[in-house]
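Please open the model in your viewer and keep the sequence beside it. The stops below say what to select next and what to look for there.

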Amino acid sequence: MFRHSVLLKACTRARCRWASTIIKPWYITTPIFYPNAVPHIGHLYSLVTADIFARYHALKNPLRPVSFVTGTDEHGLKIQKAALNKGLPPKEFCDAISLKFRKLANEADVNFTRFIRTSEEAHYTAVQHVWRQLDKLGLIYKGSYSGWYSITDECFYTDSQVVHIAEGHTPARTISKETGATVEYSSEINYMFRLSQFREALLEHYSSNPESVVPLAHHSHLVSILQSPLEDISISRPRSRLSWGIPVPNDPQHTVYVWFDALISYLTAIGYPWPNSGVSQGWPVDMQIIGKDIVRFHTVYLPAILLALKLPLQRQILAHAHWTSSQKKMSKSLGNTTDPFQAIKEFGIDSVRYYLAKVGGRFQDDVDWSHVQVVKHDRELQAVLGNLYMRITSPAIASRMAPECSASDREPFIPLLEASEALPSVLSNYMDKVNVADALEAIMDVLRLANKCLTDAAPWKSSPEVARASYDSCLESLRVSGICLQPFMPRVAGKLLDALGVSPAERSWIHGQMGSIGDVVAGVRLFPAVSK
């Protein structure tokens, strides 16, 4: 793989176009969402988080393409039952709800490059190919499997992974320790995957790569799990119980287990099985965004399959926390979900993206969706960013500016200009540490400083030279902030940069420190006139 610096030195413009086709794309994925009901705010959170990182990397290295995959995981017992309750064939049921997930991504300005559905023919081919490869290696066998099964999680749990509880006067029930979902004991003949063979290799990988799973708490927990033996796992269900899914190759009486099927989608989405002796279209994935309740699937099961296929493991897995409602996890079954379409309609997508990133961008602790707090953050955003642009481009300042000003007139604005110049570097440091919230806060700090400098200078009543210094300095801070805001709020950032006359060719990360302002349009409202 060529390094970016080598490309810049070695390629002419024409050759760069050729070279970009052989650079491995920066590959990011969201969870493949389970469409047994309409999407909620947690789905939007995953989508927006992935989109922020995808846009950031595209801006930071324009020569390297970004591959961004999302989609829907459409097989399994939950889908089969939900479709039956609606009186629809499973495929027809999935067609309708999958469309809502795609619509949500589009309305949220999520710039995915591939929306995969596990009901696609190409995915059937990929899953059955993987199955045959594992079978050839002797890693699949048929046996009697007993365990605690969760319809909600679509998976079996061992005795050590469940807990028996009693709630008041209700009968005792058994739940998964990891997800809290109710489980029932079940025994059946399944195909098994020899997961036990990969414990040492997985432990070595994670011990040697402490940043491969973030936040750190998930990595530490994973390493502790791998200190103990792994049990082989079921990867099929009898077709008599589960008919909606991919048939097991050479055994139509069994269906490929939904989670096994879904995990392969990250390979299917970039053309697996790859031609040309296994040359991929972007594997390994550079960042996988997942919810904290599916860590085991992505950090143990999928990597074991990848090791068996002799494919590189994922470079980084971000396991984010959950959004809650009244401090309870949002759940379709509990009926306490927030409608993301309604939130977008009420506040606008930029304010919703801002809130999700600002409040949920550290990923460690669950965060509560609060209408009151969304209103508060929306008003803050409009006051700090939208009002700054209106103030600095007002006729009161423009009508009295001098053509130029002296160094002494600019002196009060030196801290602002220095903070603006440093902002892309500060932001990159946070983003590379997977801290979206503080990255966004760094932009807001610069904008707050600009507002303070403007208020202190009072250019509407100071000298024409001070008015010029105020104008130039604040517009430069807005230009840099606009470039840095593009991953977080692409629509408002684009509107701001357009108003500043910033050329589309000067909006990549490097231009944060070496760009220019064109013809400025005064009076542009970046947000709706009436605050919620």
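This is a predicted model: local features need pLDDT of at least 70, side-chain atom pairs count only at pLDDT 80 or more; totals for chains, interfaces and linings use all residues.

**Stop one: the cysteines**

Residues are numbered from 1 along each chain as its sequence is written, and side-chain values use heavy atoms, with hydrogens and water left out. A disulfide is a covalent bond between the sulfur atoms of two cysteines. A search of the whole structure finds zero disulfides, where the term stands for a pair of cysteine sulfur atoms within 2.5 Å. C484 is buried, at 0% relative accessible area, and C94 is buried at 0% relative accessibility (buried means under 20%, exposed over 50%, partly exposed in between, with a 1.4 Å probe and protein chains only).

**Stop two: a loop residue**

Now select L137, which lies in the loop between α6 (121–136) and β4 (140–150); helices (H or I, at least four residues) and strands (E, at least two) are DSSP runs numbered from the N terminus. L137 is partly exposed, at 49% relative accessibility. From its C-alpha atom to that of Y355, 218 residues apart along the chain, the separation is 48 Å.

**Stop three: two helices**

Finally, select α14 (residues 349–360) and α19 (residues 436–457). Which residues of α14 meet α19? They are Y354, A357 and K358, and their partners in α19 include V436, L440 and R448, with contact meaning heavy atoms within 4.5 Å.

Notes
Axes are lines fitted to C-alpha atoms, for helices over the stretch in contact, and angles run from 0 to 180 degrees between N-to-C directions.
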